[in-house]
Amino acid sequence: MNQSAEQNIWTRPFFMALLNNFFLFLVFYSLLTILPLYVIDELHGTEGQAGLATTVFLLSAILIRPFSGKIIEILGKKKTLIISVMLFGVSSFIYFWVHDFYLLMGVRFFHGIWFSIGSTVLVAIAADMIPASRKGEGLGYFAMSMNVAVVVGPFLSLALIRWIPYASLFMGLSWIIVIGFLCTFGIEVTEDAIKAEVSKRLTLKDLMEVKAIPIALVGFLTSFAYSGIMSFISVYAKSIGLFESVSLFFVVFAAAMLLSRPFTGRLFDQSGPNAVIYPSLFIFAIGLLLLSITHSVVFLLMAGTLIGLGYGALLPSFQTMSIQAAPKRRTGHATATFFIFYDLGIAVGSFVLGLVSSELGFPVLYMLCSGVVLVTVAAYKIVTKRRGVAVNQEDVLEL
């Protein structure tokens with residue numbers, strides 16, 4: 001096999017993994033958007049109960065993340081992928097028969113478990129497929145599947161619900177996961193030749209990859225700031241009379257991420273993470289600051305573009321660095337560790353920023369988020385000073 005073939009990213013297994021990830025996140029974001037409406041319209045619940053539909057799902061995902069690496073280590077990546085996607089699909093079908101709020105909460109908790117494991121193992125599998133010299137670029141492309149899903153999922157579900165009942169939408173989303181499940185059989189996985197003996201006692205090493213924690217903490221700060229977009233942008237836009245333009249915000253947000261992804265991925269591999277992360281953090285901070293003073297559609301879309309450019313490059317870059325910090329056989333643990341802190345950032349940020357918005361208003365909320373991103377610059381600098389030499393040496397060995 002020649003060198004160019006060995007450095008190829010777009011193999012059939014990688015494309016199958018990318019499709020699988022897209023379908024997984026498409027269903028996740030569709031349900032995230034539509035279930036609060038379902039709770040209020042069909043189950044006659046309160047707004048607080050509608051919020052629990054998201055909270056319970058994320059709670060189970062966060063609780064299971066520390067065990068995902070160990071599960072992958074015991075079962076192997078391919079078997080873990082097949083089981084998790086299959087049970088994620090089974091969970092999706094159950095919504096069709098749910099007509100009680102408390103039963104819905106149980107299904108959401110069960111569903112979150114398999115989303116957590118499935119999304120973790122897919123990143124680990126993709127990371128193993130990508131040549132070491134193109135890791136940043138490859139994981140950037142892989143992350144694009146999630147970026148596309150964050151637009152397609154909500155758009156699809158909100159458009160369809162005007163014409164079909166909720167039950168039909170749930171069934172349609174379930175069949176999408178069936179397609180994703182079929183894709184798992186087209187993914188070739190190279191399992192680790194040597195597996196560690198399974199200990200009866202769980203240690204920190206079994207739950208997390210310690211070497212990935214520093215960069216995961218930086219990811220926590222980034223997702224904390226991003227939670228202000230995920231949780232409050234629609235409410236903020238409504239409060240300033242721009243609610244009808246929220247969909248355009250997400251369109252330019254996603255377009256900026258997708259258009260910049262190939263460039264930033266190559267820059268990461270050729271010039272190192274600093275060349276991508278420092279500019280992206282400053283662009284992200286400026287976008288949030290602009291959002292805090294937005295009173296027109298033009299400003300809203302400019303903020304969406306800057307936030308998409310900045311944040312869009314950070315997630316795959318931090319993922320890549322967390323994986324590079326760990327031995328190859330522990331990519332599952334490193335991925336799980338990163339997502340533990342990332343999910344916590346979303347959860348803690350949504351709660352804290354909710355208090356800030358109720359007391360001080362949304363402009364102050366987004367100014368605070370911009371400040372958190374600037375603090376992230378300092379945190380990243382400290383982390384890279386401590387681990388930079390070790391990572392460079394490991395990259396050389398892997399190459």
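Predicted model: local features only at pLDDT ≥ 70, side-chain atom pairs only at ≥ 80, totals over all residues.

Modeller: The protein chain exposes about 17,400 Å². Carbon and sulfur atoms supply 70% of that area. The chain has 399 residues, and 55% of them count as buried. It has 14 helices and 0 strands. Among contacts with a separation of 6 or more, 85% join residues 24 or more positions apart.

Now H10. This helix covers residues 246–271, which makes 26 residues. At 1.5 Å a residue, the helix should span 38 Å. Its end C-alpha atoms are 36 Å apart, so the two values agree. H10 does have a kink, though: about 45°, at arginine 261. Beyond the helix comes glycine 272, with a positive phi near 95°.

An α-helix has 3.6 residues a turn, so residues three or four places apart point the same way.

Now the surroundings, starting with rings. The model holds 32 aromatic pairs. In one of them, the ring centres of tyrosine 236 and phenylalanine 362 are 5.7 Å apart. Their planes meet at 45°, so the pair is tilted; edge-to-face would need over 60 degrees. Tyrosine 236 sits in helix H9 and phenylalanine 362 in helix H14, 126 residues apart. Tyrosine 236 has a relative accessible area of 2%, so it is buried, the limit being under 20%. Phenylalanine 362, at 15%, is buried as well. A second pair, phenylalanine 338 with phenylalanine 339, is edge-to-face, with 5.8 Å between centres and 70° between planes. Phenylalanine 338 is buried at 1% relative accessibility. Phenylalanine 339 is buried at 6%. Ring pairs also link Phe25, Phe28, Tyr29, Phe57, Phe88 and Phe115 into a cluster.

Leaving out residues up to four places away in sequence, serine 370 touches Ala285, Leu288 and Leu289.

Last, charge. Side chains of opposite charge can pair when their charged atoms come close. The model has 2 salt bridges. One joins aspartate 343 and arginine 65, at 2.8 Å from N to O. Aspartate 343 lies in helix H13 and arginine 65 in helix H3, so the bridge ties together parts 278 residues apart in sequence. Both aspartate 343 and arginine 65 are buried. Lysine 77 and aspartate 128 also form a salt bridge, with their closest N and O atoms 3.3 Å apart. This pair links helix H4, which holds lysine 77, to helix H5, which holds aspartate 128; they are 51 residues apart. Lysine 77 is buried, with a relative accessible area of 3%.

Key: Residues numbered from 1 in each chain as written. Heavy atoms only, no water. Helix = DSSP H or I, 4+ residues; strand = E, 2+ residues; numbered from the N terminus. Expected span 1.5 Å × (residues − 1). Bend = angle between axes of the 7 residues up to and from the residue. Phe/Tyr/Trp six-rings, centres within 6.5 Å; stacked < 30°, edge-to-face > 60°. Buried < 20%, exposed > 50% of the residue type's maximum accessible area, 1.4 Å probe, protein only. Contact = heavy atoms within 4.5 Å. Areas by Shrake-Rupley, 256 points an atom, 1.4 Å probe, with all protein chains shown as cover. Salt bridge = Lys/Arg side-chain N within 4 Å of Asp/Glu carboxyl O.
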